[in-house]
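Work through the exercises below with the sequence and the coordinates open side by side. Each task is followed by a solution in steps.

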Amino acid sequence: MAESESGADKSEEPTEKRRRESREKGQIARSRELNTLAILLAGTGGLLATGGSLADMMMQVMRANFSLSREVLLNEQSMGLWLMASGKMAIEALVPLFVTLLIASILGPIALGGWLFSMEALQPKFSRMDPLAGLKRMFSAKALIELVKALAKFLVVLLVALAVLSSDRDALLAIAQEPLDMAILHSVQVVGWSALWMSCGIILIAAVDVPFQLWDNKQKLMMTKQEVRDEYKDSEGKPEVKQRIRQMQREMSERRMMAAVPQADVVITNPTHFAVALKYDPSKGAAPVLLAKGGDFMALKIREIAQEHKVMILESPALARAVYHSTELDREIPAGLYLAVAQVLAYVYQLRQFQTGKGKRPTPLNDLPIPPDLRRDE
């Protein structure tokens, strides 16, 4: 089990955020053995595929350059032209092989870990220039593994090369007895197949290195329990910060609510534990809207603001509790309370008419009709 720098066990799987940040830094699984294998196989395969044209090109260049006339040899300008012509022929014959190698050099690295371009990985790190850190890397377990892989590659390639040369011994000796054209073509084929078999020996190394690189990269990304908790706090927000944000949101909501109390038609109270402020505007909706509500200290503040702005205050404990528990701020009251609230608004209207001398005193409200499912005893 891996350990962090603090000594804690890295027992937790890496989170998606940890994987994403690691990829942005360029820290993904890569296998140099897989890259080497891809380039060698592409190169040897391309050599076998284009070996005939390469041999033909070599023969043409040799014929052209070994059969020059006396006039050409004595002409300084023509020698440069012959060199350029020979170079052009060589490049044209080698282009397919070079293109194959270029494609392999691109596909090899992205076969494990996918395509990645990270500017952070390109930035210079002066910590790598630390001699002590360099010595530590030289004598680390990873350096030992790289040494073992290098020795294994050497031994595998050596054994495969000996086996290939041993099997092709007769073919190699026969080249000396063949005509020049046949010898060149035959030598290209022998070299191509020998290189291909030796490249296949790297498959054994890559088959071991790829799983190891995946495992090693995962071990580097493993996290301690504390790291998981810290990441969760950073992504979700620290509890004290979230609590402060909720408090600020609550205070802003309360300020908006208190600012709306003077616009209310009536404030219904418990009389001390609850207070709700209602507003009825026929042009905006079919039912009264709850502008403010509160309990205990907040209820007291609502009553004080209502008294200050001469908003009618009416005591109706059952209705105040029902509205408080059933209605959200800036929402219409439920249909079950329409009749009770309508009676309250009618009473308020009649009372204001009486106070201005335009009507008689209304009868006090008693036993407002509140449905059982909306009643709250406390």
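Helices (H or I, at least four residues) and strands (E, at least two) are DSSP runs, numbered from the N terminus. The model is a predicted one.

**Exercise 1.** Determine where W115 lies and whether W115 counts as buried or exposed.

*Solution.* Begin with the position: W115 is found in the loop that runs between α4 (76–110) and α5 (119–122). Next, compare its accessibility with the cut-off, where exposed means over 50% relative accessible area; because W115 has 61% relative accessibility, W115 counts as exposed. As a note on confidence, α5 has the lowest mean pLDDT among the elements of the protein chain, 58, whereas strand β2 (residues 274–279) has the highest, 88.

**Exercise 2.** Classify Q213 as buried or exposed, and list what Q213 touches beyond residues up to four places away in sequence.

*Solution.* Q213 sits in helix α10 (residues 202–221). Since buried means under 20% relative accessible area, Q213 counts as buried because its relative accessibility is 10%. With residues up to four places away in sequence not counted, Q213 touches A29, R30, S31, L112, E146 and K149.

**Exercise 3.** Identify the buried residues of helix α14 (residues 317–326) and the elements they pack against.

*Solution.* The buried residues of helix α14 are L319, A320, R321, A322 and V323. These buried residues pack against β1 (266–269), β2, β3 (289–295) and α15 (338–355).

Notes. Residues numbered from 1 in each chain as written. Predicted model: local features only at pLDDT ≥ 70, side-chain atom pairs only at ≥ 80, totals over all residues. Heavy atoms only, no water. Buried < 20%, exposed > 50% of the residue type's maximum accessible area, 1.4 Å probe, protein only. pLDDT = per-residue confidence, 0-100. Contact = heavy atoms within 4.5 Å.
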